[in-house]
Amino acid sequence: MVATPLIKVSRTAVSTRLNGEETEFLCEPRQSLLECLRDNVGLTGTKEGCNDGNCGACSVLMDGRLVNSCLVLGVEAEGAEITTVEGLATPQGLHPLQQSFLEQAALQCGICTPGFLVAAKALLDQEPNPTEHQVRFWLAGNLCRCTGYDKIVRAVLHAAAIQRGAVPSEATAASTDGHST
Ligand code: FES
Ligand code: FES
């Protein structure tokens, strides 16, 4: 009987700034950034939908640019600044987009939600006061199979208004109410 030769896979150490923290992970040359985030680093907020660049569920920010992490090799993250959905909230609370998605009931199963949140953050970083058309155009690369898009678009517009201080979030209003009684 002929012994099966052992295949040795080399792994590369990749250094990134991930959600504001210096992070190093080992990565096989074939692995996508999506796989590295989920399987090697343990950040499972970024979702795998199609794994071929069509659904946007795996959206992350790489050096401030919106990318589909299933189409980026893990080794390409060397020296990059990566933001995933886990990097949106702060110790002070949810990001206005997260708060607004909750307030507007803009999710059902939630698989697409991290991708929408990250993509919407990229839009609001560039355009704090987008029109509905701009939101719909920007989010055209993100697919949702359950919610329909109206609530998601409304949530992004609402979050933009919260960020501009044009409306209070329900979280802020609730805490203000709590203090006044
Ligand atoms: S999983 Fe990356 S675009 Fe669908
Ligand atoms: S909420 Fe289920 S796919 Fe969007």
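Reply: Happy to. A helix's expected span is 1.5 Å times one less than its number of residues, and helices (H or I, at least four residues) and strands (E, at least two) are DSSP runs, numbered from the N terminus. This is a predicted model: local features need pLDDT of at least 70, side-chain atom pairs count only at pLDDT 80 or more, and totals for chains, interfaces and linings use all residues. Residues are numbered from 1 along each chain as its sequence is written, with chains lettered from A and ligands numbered from 1 in the order written.

Me: What should the 14 residues of α3 span?
Reply: They should span 20 Å, and the end C-alpha atoms of α3 are 20 Å apart, which agrees.

Me: How many residues of α3 are buried?
Reply: Ten of its 14 (buried: 20 or more other C-beta atoms, placed from the backbone, within 10 Å of its own). Among them are Phe-116, Leu-117 and Leu-124.

Me: And what do those buried residues pack against?
Reply: β3, β4, α2 (96–103), α4 (132–138) and α5 (150–164); contact here puts backbone-placed C-beta atoms within 7 Å.

Me: Switching to the sheet, what's the strand order?
Reply: β2-β1-β5-β3-β4, an open sheet with mixed pairing; strands pair if DSSP finds at least two bridges between them. β2 (21–27) and β4 (65–68) each have a single partner strand, so one side of each is left without a neighbour in the sheet.

Me: How many bridges join β3 to β4?
Reply: Four, and the two strands run antiparallel. Ser-59 stands opposite Asn-68 in β4.

Key: Buried ≥ 20, exposed ≤ 12 C-beta atoms within 10 Å, placed from the backbone. Contact = placed C-beta atoms within 7 Å.
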